[in-house]
Amino acid sequence: MRKLFALFIFGLFSGLTVADDLPSSAPLFAATLNDLDDKPVALERYKGKPLVVNFWARWCGPCRAEIPELIKFRANNKGKVEVLGIGIEDKAEPAKDFAKAYEMDYPVFIAKEKGIPLMQALGNTRAGLPYTLFIDRNGNVIQKKMGVLKKTDFDAVQEALLKK
């Protein structure tokens, strides 16, 4: 009973979500967003790969704070997991400058008017930022988190993310 209670408390405060409350990844793979050169990219090209999909905005302090962890996780899992950054931004140029300044070495997209509806379709009904989904190679959302990602979040999901 104590273990169950401890897990419940951890779940309440960790920001990671239990499996029953996980959205479908279908809206993500159906979306076409613009890259930092303002060219459209169909996100279905990432289907079949383990993904960390992170929604952010330039004005969001917690979003900026978690970028180094995203970069580290991608570097530690090079070729095994892809990190995608989806900016709730209207224009490519400021987002491109931001990505360069923060050394975001992973694919970054601007969502324009599609951003908030896409986040909501992917389980972020409050449209808060930052918001992250962990998607396995089968396209299943295995975790989601509202709030700043920390190393412990990546550690908690890494094994499931890399399962074949």
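Trainee: Quick one to start: what relative accessibility does Asp38 have, and what does it count as?

Mentor: Asp38 has 38% relative accessibility, so it counts as partly exposed. On that scale, buried means under 20% relative accessible area, exposed means over 50%, and partly exposed lies in between, using a 1.4 Å probe and protein chains only. Bear in mind that this is a predicted model: local features need pLDDT of at least 70, side-chain atom pairs count only at pLDDT 80 or more, and totals for chains, interfaces and linings use all residues. Residues are numbered from 1 along each chain as its sequence is written, and side-chain values use heavy atoms, with hydrogens and water left out.

Trainee: Thanks. Where is the place of Asp38?

Mentor: Asp38 is in the loop between β1 and β2. The hairpin of those strands has four residues between them, and Asp38 takes a positive phi of about 65 degrees although it is not a glycine.

Trainee: How do β1 and β2 pair?

Mentor: Strand β1 (residues 32-35) and strand β2 (residues 40-42) are antiparallel, with three bridges. Two strands pair if DSSP finds at least two bridges between them. Leu33 stands opposite Val41 in β2. β1 also pairs in the antiparallel sense with strand β5 (residues 108-110), over two bridges, and there Asn34 has Ile110 as its bridge partner.

Trainee: And the whole fold? How many helices and strands does the protein have?

Mentor: There are six helices and seven strands, and from the N terminus on the order is α-α-β-β-β-α-β-α-β-α-β-β-α. These are DSSP runs numbered from the N terminus: helices are H or I with at least four residues, strands are E with at least two. Of the 164 residues, 47% count as buried.

Trainee: Changing topic: which residues have the most contacts inside the largest nonpolar core?

Mentor: Those are Leu28, Val52, Val53 and Phe55, in a core of 48 residues. Such a core is a set of buried Ala, Val, Leu, Ile, Met, Phe, Trp, Tyr and Cys residues joined through side-chain atoms within 4.5 Å. Not counting residues up to four places away in sequence, Val52 touches a list of residues including Leu70, Phe73, Phe134 and Leu161.

Trainee: Which residues is Ile142 in contact with, leaving aside neighbours within four places in sequence?

Mentor: Ile142, in strand β7 (residues 141-146), is in contact with Leu22, Phe134, Asp136, Val157, Ala160 and Leu161. Contact here means heavy atoms within 4.5 Å. The C-alpha atoms of Ile142 and Leu161 are separated by 7.4 Å, with the two residues 19 apart along the chain.

Trainee: OK, cysteines. Which ones form a disulfide?

Mentor: Cys60 and Cys63 do, with their sulfur atoms 2.3 Å apart; a disulfide is a pair of cysteine sulfur atoms within 2.5 Å. The structure holds one disulfide. Its S-S torsion is about 80 degrees, so the disulfide of Cys60 and Cys63 is right-handed.

Trainee: Is Cys60 buried or exposed?

Mentor: Cys60 is buried, with a relative accessible area of 4%, and Cys63 is buried too, at 1%.

Trainee: Last one: which residues does the cis peptide bond join?

Mentor: Leu129 and Pro130, with omega about -10 degrees. Pro130 is in the loop between α5 (115-121) and β6 (131-135). Ala127 is also in the loop between α5 and β6, and Ala127 has a positive phi of about 60 degrees although it is not a glycine. At 25% relative accessibility, Ala127 counts as partly exposed.
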